[in-house]
Amino acid sequence: MSKVNILLTGATGYIGGSILQRLLQHPNAQKFEIATLVRDPAKAKILEEKFGVKTTLGSVTDQDKLAALAEGAHVIIHTADSADNADAIHAIRRGLKSRHEKTGDLPHLIHTSGAAIFMDPKNSSNVYSDVELASIEALPPDALHRGIELLVIDADENGGYARTHIVTPTLVYGFGHGPLFDAGVSNPYTMAIQFFVQAALKRGSVGIPPEGAGTWMGVHIDDLADLYVGMIDAILSDPDKVSHGRAGYFIAENGSQGIREVLQSLAEGLFALGRVSTADLVPYAPGEAAQYFGGEGPQFFSTILFSSAVCKGERARREFGWTPKHTSQDILESVKQDVKEYVKKIDGAKRA
Ligand SMILES: NC(=O)c1ccc[n+]([C@@H]2O[C@H](COP(=O)([O-])OP(=O)(O)OC[C@H]3O[C@@H](n4cnc5c(N)ncnc54)[C@H](OP(=O)(O)O)[C@@H]3O)[C@@H](O)[C@H]2O)c1
């Protein structure tokens, strides 16, 4: 039987590394031919030599390289700067189109977006659902990440050369694990923990905006990886059973959590390590948060996380039986553990 060609972007990242780890351990791993695009030559070498993964050196902004890789794949899992990088999605579209025209194959793109698309700084009671598409369709085209999502959907609905699926992770937590992480290839830390710990260490305490913080949904990294693998299995066994295009929207969440509670856990975790002066949250003075979150990126990131992004993910549960094992309470314990691991990394980097 011929192998299934899979292209994964972001193999050295948290989400991409976790998916790749699962694909390498998949019962049908022998049937997969996995290609990746990696920027770091040392990591590319380990991926090739230790894990048998084909790598091409380069950035997702190397459009010709990425388009050629995309043309070679029946399934593309896109996680590298996926939510925001327009160049990458244009290159992937080009590759998908070319594959379809040359071979007649109808390839699949599994695109990774992000629940910041649902961000509501007013913390109102909006709830988005991936089975009530009108709520998602009503998002303005200039909402964060939405422009890229529309390009993905367009490849399917207007281009007709691919089936596209959008996975929208919420606040991902938990430590990335497995041989790829042990080998130092993939990043085991989630973004939110990195930004918040860095800010708290600079300030000496964990801050919260004076007006409070909103509510986010969360998903454990292991459950998120399960969702991608469940989708790939379903696509390979019966592609007609997995929604695509506009309807192919899959929110990954396993419950909601107040950001105040998440920050409280973070403060307790850092206080237990002796890294902040109090286990209490210390409100920011107006405009103060910006100085701890640095420039535009992380500062914007803090705006996202202090807001609300409330959404329900039912499609993956319905269509291929995704069953997350973690609950919304798990995030609070996990954050303390994640903080410990991330502080270890910072200490290690200082010693090196
Ligand atoms: N983590 C979360 O909580 C979360 C939640 C919702 C959505 N998301 C979205 O999920 C996607 C993946 O996030 P993540 O948490 O896995 O991030 P991450 O750990 O920072 O990993 C990012 C990956 O993308 C690669 N990458 C970035 N820019 C690249 C470029 N120009 N060319 C090639 N590779 C590039 C990185 O490669 P290097 O190793 O070379 O840097 C790394 O492999 C992003 O689009 C993010 O916005 C994440």
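Author: Two strands pair if DSSP finds at least two bridges between them, and this criterion is applied here to a predicted model.

Reader: Which strand is joined to β8 by three bridges, and how do the two run?
Author: Pairing requires at least two bridges, and here three bridges link β8 to its partner, with the two strands running parallel.

Reader: In the open sheet of three strands, which are the edge strands?
Author: The sheet has mixed pairing and the strand order β8-β10-β12. An edge strand pairs on one side only, and this holds for the strands at 171-173 and 256-258, which are β8 and β12. From one strand to the next, the twist averages 45 degrees.

Reader: How many salt bridges does the structure hold, and which residues are linked with Glu 137 in a network?
Author: The structure holds 22 salt bridges. In one of these, Glu 137 meets Arg 146, with the closest N and O atoms 3.7 Å apart, which falls within the 4 Å cut-off. The network that includes Glu 137 also links Arg 146, Glu 149, Glu 157 and Arg 246.

Reader: Is Arg 146 buried or exposed?
Author: Its salt-bridge partner Glu 137 has a relative accessibility of 31% and therefore counts as partly exposed. Buried means under 20% relative accessible area. Because the relative accessibility of Arg 146 is 2%, this residue counts as buried.

Reader: How many residues apart in sequence are the parts that Arg 203 and Glu 288 tie together?
Author: The side chains of Arg 203 and Glu 288 meet in a salt bridge with an N to O distance of 3.0 Å. Arg 203 belongs to helix α8 (residues 191-203), whereas Glu 288 sits in the loop between β13 (281-283) and α11 (289-293), so the parts tied together by the pair are separated in sequence by 85 residues.

Reader: Are Arg 203 and Glu 288 buried or exposed?
Author: The cut-off for a buried residue is a relative accessible area under 20%. By this criterion, the two side chains that meet at 3.0 Å, N to O, belong to residues that are both buried.

Reader: Which helix holds Asp 347, and where does Arg 275 lie?
Author: Asp 347 and Arg 275 form a salt bridge through their side chains, at 2.7 Å from N to O. The pair ties together parts that are 72 residues apart in sequence, because Arg 275 lies in the loop between α10 (259-272) and β13, while Asp 347 lies in helix α14.

Technical notes
Residues are numbered from 1 along each chain as its sequence is written. This is a predicted model: local features need pLDDT of at least 70, side-chain atom pairs count only at pLDDT 80 or more; totals for chains, interfaces and linings use all residues. Side-chain values use heavy atoms; hydrogens and water are left out. Buried means under 20% relative accessible area, exposed over 50%, partly exposed in between (1.4 Å probe, protein chains only). Helices (H or I, at least four residues) and strands (E, at least two) are DSSP runs, numbered from the N terminus. Axes are lines fitted to C-alpha atoms, for helices over the stretch in contact, and angles run from 0 to 180 degrees between N-to-C directions.
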